[in-house]
Amino acid sequence: MASNPPAACCATGFRHEGTPAGEIKKIDGVDTYIVYPKDNKTPEKAILFVSDIFGIYPNAQLLADEFANNGYLTIIPDIFQGDAINVNDMVTGKANLPAWLPNHQPAHVEPPIVSTLKYIRETLGVKKVGAVGYCFGGKYVCRFLKPGQIDVGYTAHPSFVTHEELGAIKGPLSISAAEVDSIFTTQLRHESEDILIKADQPWQINLFSGVSHGFAVRADLSDPKQKWAKEQAFCQAVNWFNQHL
């Protein structure tokens, strides 16, 4: 593994407050959150947002809104098709991941991603597609970082990524890593650096001190250190897309 399977830390964090600016619509029967850049309903570039285990929820939607504010049509498909971990479990820590994960393997998760990419490219006419993946979603950014699928990738504290998946990427990849992370550990981070060098694609790994797995999407925004790291991870993603997408 380039990063370990999801664990208890994947189901903890803080729910963020705000009113999402986009809308949820059905695409091939899948609930999908879509938010457009202001004053641009026909963008040529878009970002596929592959969520953590909580699916389409305020933290993800508000991040998607920020990508739209930076000029990118952003789309979050419900990769769990109505069976995301309940956001209330983020506070209680009662999520039963061992029971949940078997029903959310690539065979279950990839069809909504495939249909969403088809919608983005064929129906919306987008020419270049970037993708962000937080925690659980990082695996699928790597798996789809191929010509005709995803052109540019970004992931924060990825989980479940195999060495083979990381080594097979065919486009630029940027990673935000946490100092405290039992899933994307120091050893696995260094192994990932070696894999990325051999993959011979543009890559970047930024390591943030004093924060833990999930900080880029579920940080405690009342903690200045966590808030700063979350914001800087977002800036890392935007700058990566601005450069490569």
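View 1. UniProt, in an unreviewed entry, places the feature "domain: Dienelactone hydrolase" at residues 30–245. What you are looking at here is a predicted model. Across residues 30–245, the end C-alpha atoms lie 26 Å apart.

**View 2. Helix α1, residues 58–69.** This helix has twelve residues, and from its first C-alpha to its last it reaches 16 Å, close to the 16 Å expected at 1.5 Å a residue. Ten of the twelve residues are buried, so α1 is largely enclosed by the rest of the structure. Working along the helix, the buried ones are Pro 58, Asn 59, Ala 60, Gln 61, Leu 62, Leu 63, Ala 64, Asp 65, Phe 67 and Ala 68. After α1 comes Gly 71, with a positive phi near 100 degrees.

**View 3. Phe 54, in the loop between β3 and α1.** Is this residue, Phe 54, buried or exposed? With a relative accessibility of 3%, Phe 54 counts as buried. Look for Ile 85 as well: Phe 54 and Ile 85 are 31 residues apart in sequence, yet their C-alpha atoms are 4.9 Å apart in space.

**View 4. Helix α4 and what it packs against.** The 18 residues of α4 should span 26 Å at 1.5 Å a residue, and its end C-alpha atoms are 24 Å apart, which agrees. Buried here are Pro 106, Val 109, Glu 110, Pro 112, Ile 113, Ser 115, Thr 116, Leu 117, Tyr 119 and Ile 120. Which elements do the buried residues of α4 pack against? They pack against the strands β1 (23–27), β2 (30–35), β3 (45–50), β4 (73–77) and β5 (128–134), plus α5. Gly 125 follows α4, and its phi is positive, near 75 degrees.

**View 5. Arg 121 and Asp 151, a salt bridge between separate parts of the chain.** The two side chains meet at 2.9 Å, N to O. Arg 121 lies in helix α4 (residues 106–123) and Asp 151 in the loop between α5 (138–143) and β6 (152–156), so the pair ties together parts that are 30 residues apart in sequence. Arg 121 is partly exposed, with a relative accessible area of 21%. Asp 151 also counts as partly exposed, at 22% relative accessibility.

**View 6. Lys 26 and Asp 31, another salt bridge.** Here the side chains come together at 3.1 Å, N to O. How exposed is each partner? Lys 26 has 55% relative accessibility and counts as exposed, whereas Asp 31, at 32%, counts as partly exposed.

**View 7. A salt-bridge network.** Some salt bridges share partners, and these join Glu 110, Lys 139, Arg 143 and Glu 165 into one network. One of the four, Glu 110, also turned up among the buried residues of α4. How many salt bridges are there in the count? The count comes to eight.

Methods: Residues are numbered from 1 along each chain as its sequence is written. This is a predicted model: local features need pLDDT of at least 70, side-chain atom pairs count only at pLDDT 80 or more; totals for chains, interfaces and linings use all residues. Side-chain values use heavy atoms; hydrogens and water are left out. Helices (H or I, at least four residues) and strands (E, at least two) are DSSP runs, numbered from the N terminus. The expected span of a helix is 1.5 Å times one less than its number of residues. Buried means under 20% relative accessible area, exposed over 50%, partly exposed in between (1.4 Å probe, protein chains only). A salt bridge is a side-chain nitrogen of Lys or Arg within 4 Å of a carboxyl oxygen of Asp or Glu. UniProt positions are given in the numbering used here, feature names are shortened, and annotations may be inferred rather than shown by experiment. Contact means heavy atoms within 4.5 Å.
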